Amino acid sequence: DELKATVRKQLQGAEPSVSSYDTAWVAMVPLKGSPHAPCYPQCIQWILDNQQLDGSWGQSAEVNKDILLSTLACIVALKRWDSSSDHIRRGLHFIGRNFSVAMDGQSVSPVGFNITFSGLLNLATEMGLEIPVMKTDIDGIFYLREIELARDGGGTVAARKAFMAYVSEGLGRRQDWDLLMAYQRKNGSLFNSPSTTAAAAIYSRNDRALDYLGSLTSKFGGSVPVIYPDDVYSQLCMVNTLEKMGISSDFTCEIRDILDMTYSCWMQNEEEIMSDMATCAKAFRLLRMNGYDINSDGMGQFAEQSCYDDSIHAYVNDIQPLLELYRSSQVRFSEDDLILENICSWSAKLLKQQLSSRKISKPLVQEIEYALEFPIFATVEPLEQKGNIERFKTNSFQLVKSGHCGSSSANTEILSLAIDKFRSTQSIFQQELQDLNRWVQEHRLDELKFARILPLHACFCAIVPLFPPELSVPRVAWSQNAVLTTAVDDLFDGGGSMEEMRNMVELFEKWDDHAEVGFSSENVEILFKAVYNTTRRMGEMAAQLQNRSVMDHLVELWVVTVRTMMTEAEWVENKYIPATMEEYMPVAEHSFAFDPIIPTSAYLLGEPLPEEAVRSEEYTRLLQHANTIGRLINDVVTLEREMRAGKPNSVVVRAASRVGGAMDPAVVEAAKEEVRRVIRMARWELQRLAFRDGAVVPRRCRELLWHSGKVASVFYREEDAYTKETMRTMANAVILDPLQLQRTRPTPPPC
């Protein structure tokens, strides 16, 4: 409870970290009309009150470039107003003792350090301050500045101009301050940076800059943060981190308040969201995925690659906004959304280029590789959360000149909560696997030699759409039905004779009266009784939760499934290929066997699922899209095997309809692409139906159907992946393998 209270407090609005560097620059601004008096004396007082015992200013426990930069800025600010020579002396001694850190090319540098630090050295020299270091060392800093000014960073000429504007305080009179005002925002700031804005107020006497600084000091008093405003971005980062670490469900009310506020800002087109690439992309993704009705028009400003190439992010090779744009582009609802299509295309291309460049850190490489390999429609949340927990020590790159963007006071608490929840959830998964193995033996399913009885894979298959730990009942139902539908499918897919298949269909059609039919073989008896007894037990549990009997519906779904499997078996027996997709899909959708799995688990979610919702057009379409995605992905990746076996397949049907039966490779590839397009459209529509608000079907049920569409995307990433080592490795990682934790002080994952 104490850990959650700390996180909750930060979610509700933690104070941003103080930036000594930015405070010093604000302290240097003269009073309008009185150039010899400070405009913000409270900032001078803060500097006097917050010098460390070693003479430095800053928030770090170790000497680094940020501390040197902050200390020199505070010295210059005090000298600007001839305040406290003792503080200045102690600060200069600190600089002299640690000046070598500024020359260390291996240590982490704040953005633009060679420009901002050398600019302060220049100001200090002009003020008559004597830095207690060799002149050659100072000349070395100025040399590094010239190298930086001549350097051709990433992006375009516009990106370079934006970067130089961002670090303008380090350029002083070398900067054209009138041209710089092109970067001024509605709130009067430049880049929401107090230091850049303070420099603009000093050199250009800009009234709007002074208004911004006035509001800043009124809010924070004598100290200022490194970025302001930053509330929306910081809170969205926090929400994103909680989701990525798997503990967002513990803070539902606080997250809803944040998203409500973000939605209000989005609808009012507020600058704090819309002017920042990462904030806008993150807000769009989180709002859409949490049921807020927003269109993609606000993302239109990022539809072309130039938005990144012309930005500071490109110049300093900041990849996080690019990665956030890529993720947001996948929350797409229609084929016609060209804005998100364009963003997805160019951002994916640039991310792949970044991987090839080998210029980014290993943790970021892992994050990019995962994002590209597992798009939103193929993510495995527990696997992603496990990786995030294990990499929690990794700092994200922050585009700031001093200090860190946002507060990290709750990082230890977040990590502790995430570790505890993952371990407790994994123990639940392990118990469910043990129970499933016992259930398989009790029903003699392990005696079916023709069938793929894979409890580990079935458990993993259930975890993908039903990963929250509290959903054990529907998850167990899913895993048992996954075993059963796989075994039934194997019977109809060559594991049984035509007599056994017809017998199986008759048994399902009779259901409670199956004794009238009898069993044609022991295999049929074992399999049918397992389905019958398990489904009856599930139906009884569902009836208790729903306050009505759902048994007829569950039986109906099984009957449709085995009938369509029988139809496909007859097609193979007769070497028949359907002439059109209209003939093929009504059978193939249901033979994929999601019908007995998803609705059963939906009834067991623990919330009312009324008859009118189940029979609604919305529910029908959700289930149809999930079935379509599963069937068509299976068709694409198993095409060659099914062609050899003479089985109908959507690719074969489309190819045959184009050229009258010939299977030319080019025709087959074109047919594959047509099927892939149908898959994409079904995914987009499934997303739209799942994420929208005010629907007939309860949200948790819609989320189940959406996540169900992921199952096929995960399991059929390679031919017959259901039995491949890759799937076993993923299942082991989620269910059996313990966390591999870093033994270092935790810091947040990239937000």
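Over residues 444–652, what percentage of the chain is helix, what percentage is strand, and how far apart are the end C-alpha atoms?

Reply: This is a predicted model, in which local features need pLDDT of at least 70 and side-chain atom pairs count only at pLDDT 80 or more, while totals for chains, interfaces and linings use all residues. Residues are numbered from 1 along each chain as its sequence is written, and side-chain values use heavy atoms, with hydrogens and water left out.

Over residues 444–652, the chain is 70% helix and 0% strand, where helices (H or I, at least four residues) and strands (E, at least two) are DSSP runs numbered from the N terminus. The end C-alpha atoms of this stretch are 37 Å apart. An unreviewed UniProt entry assigns residues 444–652 the feature "domain: Terpene synthase metal-binding"; such annotations may be inferred rather than shown by experiment.

Aromatic rings deserve attention next. Rings of Phe, Tyr and Trp (its six-membered ring) pair if their centres lie within 6.5 Å; planes under 30 degrees apart are stacked, over 60 edge-to-face and the rest tilted. Pairs of this kind join Phe508, Trp511, Phe519, Phe528, Tyr532 and Trp558 into a cluster.

Cysteines complete the picture. The structure has zero disulfides, a disulfide being a pair of cysteine sulfur atoms within 2.5 Å. Cys459 is buried, with 3% relative accessibility; buried means under 20% relative accessible area, exposed over 50% and partly exposed in between (1.4 Å probe, protein chains only).
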